[in-house]
Amino acid sequence: MKIKAPRGTYDILPEEAVKWQWMEQIIQETARRFGYREIRTPIFEHTELFQRGIGESTDIVTKEMYTFADKSKRSLTLRPEGTAPCTRALIEHSQYNGTLPVKWYYIGPMFRYDRPQTGRYRQFHQFGVEAFGSRSPYLDAEVIFLLVEILQRMGLAEYELHLNSVGCPVCREHYRQKLIEHIAPVKEKLCKDCQVRYLQNPLRVLDCKEASCHQAIVNFPTLMDSLCDDCSSHYSMVQKTLQANGIDYIHDDNLVRGLDYYTNTAFEIHIPGIGAQSAVGGGGRYDGLVESCGGPSLPGIGFALGLERLLLAVDKLGCVPELRQPLDVFITVMQDDLEPQAISLLLKLRQQGLSADKDYSGKSGRAQMKLADKLGARYVILLGEDEIKGNFVTVRDMQSKEQFKIEEGLVPFLRARLDNR
Ligand SMILES: [Zn+2]
Ligand SMILES: [Zn+2]
């Protein structure tokens with residue numbers, strides 16, 4: 001029986017891996033420019049962290065977690081997202097005692113037991129940022145700038161930014177009551193899930209994907225009308241700052257996000273060009289999270305981007321640049337007994353910073369040249385009896401087909417010509 005990768009997982013083969021490297025380089029470089037530093041947390045955590053940090057009633061926690069008992073009967077969970085682990089690390093290492101805000105980013109695999117579909121896997125990758133310790137609306141704008149900058153540097157200028165404010169616990173509670181009053185008389189029109197959950201969490205009716213629920217809420221009051229003065233002015237500052245810097249957005253009353261700990265700004269980013277499932281990421285403010293995870297009362301804001309979705313977008317929209325990594329030098333050995341010299345020369349070239357390779361399967365001279373071509377080598381060094389006796393090497397430029405006899409200064413010669421390209 002052939003063993004295959006588990007359902008919902010996949011291999012990133014070398015041809016794809018170069019795209020990931022390209023994407024990650026843009027992400028890391030942009031995050032660095034914005035003053036975010038990388039944090040790496042464990043792949044698994046205590047299950048309780050996600051129950052507390054994400055919320056016991058969310059789909060992630062109730063249905064989608066990879067939870068297991070280790071040999072000491074501890075309940076552990078493969079991380080389904082990155083915010084709760086960052087929050088745990090912030091508290092565990094008292095990072096809030098230093099300069100605020102603490103600005104972190106992470107990039108890596110996450111795990112959810114979800115139904116696999118296009119661009120959605122059980123082991124998937126996220127890039128995310130978290131900024132802890134400031135309530136400034138300018139910080140909300142900054143994380144959105146960072147997100148947009150990454151998309152633009154990847155060539156994804158055609159994005160849609162959806163924006164909303166979900167208020168604070170006080171004004172949201174007002175709105176919840178109002179919403180329940182409006183839902184109650186029409187609850188028969190809602191989908192089965194919403195009929196059950198609307199009393200507990202009426203906001204979820206707003207972002208329910210069922211058409212019946214969509215229709216039922218059309219003329220309902222919006223959260224906007226219920227925002228308290230603080231929340232309302234926070235939201236307008238965010239909007240003004242985005243406008244002043246040329247960032248278009250769509251105000252979206254139904255953007256309430258699934259997680260309980262969100263406050264104020266909520267946003268989602270869509271790339272319409274990739275089809276029905278166009279959301280590539282989102283985030284928002286979560287001023288209640290650090291405290292609910294057992295830390296001090298400390299505000300925070302962040303977002304996460306799904307890298308599989310992003311890759312789907314750049315592939316589909318043709319944004320990936322030419323990523324072939326040609327070889328600088330290939331060494332062709334004309335006689336078996338010259339292998340030791342070839343190996344030493346190869347090592348020397350690599351130590352000097354050139355990419356260099358040779359054949360390891362005893363190919364003929366002609367077959368070696370073919371291989372050099374296939375690997376995209378820009379120069380071939382020919383090593384034969386004449387060369388060894390005469391203490392020189394023959395260098396062939398694979399494009400112009402010119403040949404050079406080099407006695408000294410091989411590396412500077414190659415370097416100068418490679419740099420000239
Ligand atoms: Zn409020
Ligand atoms: Zn519904």
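Biologist: Where do the residue and chain labels come from?

Modeller: Residues are numbered from 1 along each chain as its sequence is written, while chains are lettered from A and ligands numbered from 1 in the order in which they are written. This is a predicted model: local features need pLDDT of at least 70, side-chain atom pairs count only at pLDDT 80 or more, and totals for chains, interfaces and linings use all residues.

Biologist: In what order do the five strands of the open sheet stand?

Modeller: Strands are DSSP runs (E, at least two residues) and helices likewise (H or I, at least four), numbered from the N terminus; two strands pair if DSSP finds at least two bridges between them. Here the order is S13-S12-S14-S15-S16, with mixed pairing. S13 (356-358) and S16 (403-406) are at the edges with a single partner strand each, so one side of each has no neighbour in the sheet.

Biologist: Which residue is the bridge partner of isoleucine 381?

Modeller: Valine 395 in S15. Strands S14 (379-383) and S15 (393-397) are antiparallel, paired over four bridges.

Biologist: Which helix packs on this sheet?

Modeller: Contact means that C-beta atoms, placed from the backbone, lie within 7 Å. Angles, from 0 to 180 degrees, are taken between N-to-C directions of lines fitted to C-alpha atoms, for helices over the stretch in contact. Helix H13 (339-351) touches S12 (329-333), S13 and S14, and its direction makes about 170 degrees with that of S12.

Biologist: What is the order in the open sheet of three strands?

Modeller: S2-S4-S3, with antiparallel pairing. Three bridges join S3 to S4 (75-78), and phenylalanine 68 stands opposite leucine 76 in S4. Helix H2 (47-54) packs on this sheet, at about 80 degrees to the direction of S2.

Technical notes
Two residues are in contact if their C-beta atoms, placed from the backbone, lie within 7 Å.
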